[in-house]
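Biologist: Please take one part of this model and look at it closely, setting it in the context of the whole chain. I would like a single connected account, with each term given its cut-offs.

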Amino acid sequence: VSLSNLWTEKGFIPSKILLFANISIKFFFDLVPPCTEIPALLFKTIKFSLLSIIKSNEDQIIDNNEDFIVLNKRSGISVQGGTKSKKNLIDIFAKSEIFQGTKPYSVHRLDKDTSGVFIIAKKRESAQLLTSLFRLRKVHKTYLAICHGELEKDSGEWNDDLIRYDGDKKIVENAKTLFKVIDKNSEASL
């Protein structure tokens with residue numbers, strides 16, 4: 001018996017099933033006659049799914065103190081919500097027990113497709129301080145990259161254009177990268 005047949009057999013006709021708005025999930029049902037068995041089952045399934053999303057992101061936490069958390073952000077997830085972002089860290093952690101009684105504050109950026117260390121403040125004061133430190137470039141960031149093959153130089157500077165697109169509009173920015181090889185072999189350089 002399919003779920004839709006089961007609904008019909010129980011006298012339960014859904015008008016709309018799911019509406020995703022960031023991580024918030026809401027159900028809108030027309031009940032003829034009222035039936036509580038199926039909505040309760042669906043809510044339990046959705047609640048389990050939401051809790052597993054929260055847990056999988058909490059598992060990425062490197063440090064957790066009274067002012068902020070530090071986590072290993074995976075690529076493919078946005079930091080904050082926006083027009084193109086339905087799932088993001090700020091909304092996920094807002095539902096986490098770690099931020100119970102407060103709210104998560106983003107203090108710096110990390111692009112959706114970039115993985116790396118990310119800080120989320122637990123208090124407004126901490127967020128303001130950390131945001132200022134990032135803005136004033138007082139936070140030193142180091143990026144590690146594994147490159148295919150052996151680099152000829154052990155250190156240097158790359159100057160090139162960074163090209164990205166906003167819709168059809170091409171945006172070109174100058175990019176400067178200082179690099180130092182930590183280790184290498186014939187297969188790869190770090």
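Strand β6 (residues 116-121) is largely enclosed by the rest of the structure, because 5 of its 6 residues are buried, where buried means under 20% relative accessible area, exposed means over 50%, and partly exposed lies in between (1.4 Å probe, protein chains only). Helices (H or I, at least four residues) and strands (E, at least two) are DSSP runs, numbered from the N terminus.

The model is predicted, so that local features need pLDDT of at least 70 and side-chain atom pairs count only at pLDDT 80 or more, whereas totals for chains, interfaces and linings use all residues. Residues are numbered from 1 along each chain as its sequence is written, and side-chain values use heavy atoms, with hydrogens and water left out.

Strand β6 pairs with β4 (residues 68-73) in the antiparallel sense over 6 bridges, and two strands count as paired if DSSP finds at least two bridges between them. Within this pairing, valine 70 has isoleucine 119 of β6 as its bridge partner. Strand β5 (residues 105-106) also runs antiparallel to β6, joined to it by 2 bridges, and here serine 106 stands opposite isoleucine 120. In a regular strand the side chains alternate between the two faces of the sheet.

Helix α4 (residues 124-135) contains serine 126, which is buried at a relative accessible area of 10%. Beyond its neighbours within four places in sequence, serine 126 is in contact with Asp67 and Ala121, contact meaning heavy atoms within 4.5 Å. With aspartate 67, the side chain of serine 126 makes a polar contact, side chain to side chain, at 3.3 Å; such a contact is a pair of N or O atoms within 3.5 Å, of which, within protein, one must be able to donate a hydrogen and the other to accept it, and residues adjacent in sequence count only if both atoms are side-chain atoms.

In the loop between α4 and β7 (147-148) lies isoleucine 146, which counts as exposed at 70% relative accessibility.

Of its 190 residues, 24% are buried, and among contacts between residues at least 6 apart in sequence, 49% join residues at least 24 apart.
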